[in-house]
Amino acid sequence: MDQGGAPSVFSVTAEGDGDQLRVLVTGEVDMATADTMFQTALREPAKQLTLDLRAVTFFDSAAIHAVVRLSQRFPAALTVLPSRQVRRVLEISGLGEQGWLAEG
């Protein structure tokens, strides 16, 4: 669906600070990009992972699967900062009450 703006270009970057890793994701996370997000989150060793999805404009089942896999890799050590769209998709999929999903 064309929303009249520029296309949402996917990008993902990782910033490490000691045992903490922050992965910033922008644009559309879908079947073509979800694994890149997942692999970027695992690229550097970390004990705490923050997945910043506040700039994500589209989030599909492949993206959900990637986040669930990250929650399994980082039990009690994952924080997901969702955009409004991401929160809605996670709530619809039954994941809106997960401990890793930040309030907002």
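The legends below describe an overview and several close-up views of a predicted model.

**Figure 1. Overview of the chain and its order of elements.** The chain holds 3 helices and 4 strands, which follow one another from the N terminus as β-β-α-β-α-β-α. Helices are DSSP runs of H or I with at least four residues, strands are runs of E with at least two, and both are numbered from the N terminus. Along the principal axes, the C-alpha atoms fill a box of roughly 40 × 25 × 25 Å. The radius of gyration of the chain is 13 Å, in agreement with the value near 13 Å for a compact globule of 104 residues; this radius is taken over C-alpha atoms, and the globule rule is 2.2 Å times the number of residues to the power 0.38. Of the 104 residues, 40% count as buried. Buried denotes a relative accessible area under 20%, exposed one over 50%, and partly exposed the range in between, with a 1.4 Å probe and protein chains only. Among contacts with a separation of 6 or more, 63% are accounted for by residues 24 or more positions apart, a contact being heavy atoms within 4.5 Å.

Residues are numbered from 1 along each chain as its sequence is written, and side-chain values use heavy atoms, with hydrogens and water left out. In this predicted model, local features need pLDDT of at least 70 and side-chain atom pairs count only at pLDDT 80 or more, whereas totals for chains, interfaces and linings use all residues.

**Figure 2. The buried side of helix 1.** Helix 1 spans residues 34-42, and its buried residues are Ala34, Met37, Phe38, Thr40 and Ala41. They lie on the same side of helix 1, because they cover an arc of only 165° around the axis. The arc is that of the directions from the helix axis to the C-beta atoms. The cover over these residues includes strand 1 (11-17), strand 2 (20-29), strand 3 (48-59) and helix 2 (61-73).

Figure 3. Val86, Arg87 and Leu90 are buried in helix 3, which comprises residues 84-92. Seen down the axis, these buried residues fall within an arc of 100°, so they line one face of helix 3. Their cover includes strand 3, helix 2 and strand 4. Arg84, Arg88 and Ile92 are exposed on the other side of helix 3. After helix 3 comes Gly94, which has a positive phi near 90°.

Figure 4. Val56 is buried, with a relative accessible area of 2%. When neighbours within four places in sequence are left aside, Val56 is in contact with Val25, Gly27, Val29, Ser83, Gln85 and Val86. Thr79 stands 23 residues from Val56 in sequence, and their C-alpha atoms are 15 Å apart in space.

Figure 5. Ser71 is buried at a relative accessible area of 16%. Apart from neighbours within four places in sequence, Ser71 is in contact with Leu78 and Trp100. Ala76 is exposed, its relative accessible area being 86%. Although it is not a glycine, Ala76 has a positive phi of about 60°.
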